[in-house]
Amino acid sequence: MPYTKKEEAERQRIYRKANPKATAETQHRNYLKRSSRPSVVARQKELDKKRYHERKLRVITYYSKGDIKCNCCDESLYSFLTIDHINGRKEFGHSRTISGGRLYEWIVKNDFPDGFQILCYNCNCGKRDYGECPHQATR
Ligand SMILES: [Zn+2]
Ligand SMILES: [Zn+2]
């Protein structure tokens with residue numbers, strides 16, 4: 001004999017009450033389904049970006065000591081600035097994968113240790129490829 005809508009709802013209510021674990025699992029599955037939706041993924045990306053920029057600003061501000069610019073060429077455009085391991089990555093045991101957002105995260109977590117400076121992207125690459133930035137040789 002078919003259930004009416006009301007009976008069906010009541011039956012489900014009783015089932016959920018009697019099976020809280022299965023209900024929680026279903027809810028979790030639905031949550032996962034929701035969190036892979038494009039709108040949710042896009043929102044997560046937005047949040048990640050926001051967190052990245054907040055961290056970068058904190059780190060750059062800390063190591064700038066009040067003067068936000070490249071330690072080598074005086075570039076002061078914030079978007080071009082990065083953080084450089086003054087004595088190389090080995091000092092902190094950092095592999096190449098700890099860079100950009102992960103490096104900012106690491107610095108914040110480790111309470112802003114000494115051994116970092118602000119370099120612009122150009123000077124950072126110059127120092128990485130030549131041992132010191134080519135600007136220094138022309139001085
Ligand atoms: Zn520079
Ligand atoms: Zn330079």
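**Exercise 1. Determine how helices α3 and α4 are oriented to each other in this predicted model.**

Step 1. Take the geometry. The axes of α3 (residues 38-64) and α4 (residues 100-109) come within 9 Å and cross at roughly 60 degrees. Axes are lines fitted to C-alpha atoms, for helices over the stretch in contact, and angles run from 0 to 180 degrees between N-to-C directions. Helices (H or I, at least four residues) and strands (E, at least two) are DSSP runs, numbered from the N terminus.

Step 2. Classify the angle. Under 35 degrees counts as roughly parallel, over 145 as roughly antiparallel, 65 to 115 as roughly perpendicular, and the rest as oblique. α3 and α4 are therefore oblique to each other.

Step 3. α3 and α4 cross left-handed (the near helix is turned anticlockwise from the far one by less than a right angle; clockwise would be right-handed).

Two conventions apply. Residues are numbered from 1 along each chain as its sequence is written, with chains lettered from A and ligands numbered from 1 in the order written. Local features need pLDDT of at least 70 and side-chain atom pairs count only at pLDDT 80 or more, while totals for chains, interfaces and linings use all residues.

**Exercise 2. List the residues where α3 meets α4.**

Step 1. Apply the contact test: C-beta atoms, placed from the backbone, lie within 7 Å.

Step 2. Read both sides. α3 brings Tyr52, Arg55, Lys56, Arg58 and Val59; α4 brings Gly101, Tyr104, Glu105, Ile107 and Val108.

**Exercise 3. Locate the buried residues of α4 and their partners.**

Step 1. Set the cut-offs. A residue is buried if 20 or more other C-beta atoms lie within 10 Å of its own, exposed if 12 or fewer, and partly exposed in between.

Step 2. Pick them out. Leu103, Tyr104 and Ile107 are the buried residues of α4. Their arc around the axis is only 100 degrees, which puts them on the same side of α4. The arc is that of the directions from the helix axis to the C-beta atoms.

Step 3. Find the partners. These buried residues pack against α3, β1 and β2.

Note on methods. Contact = placed C-beta atoms within 7 Å.
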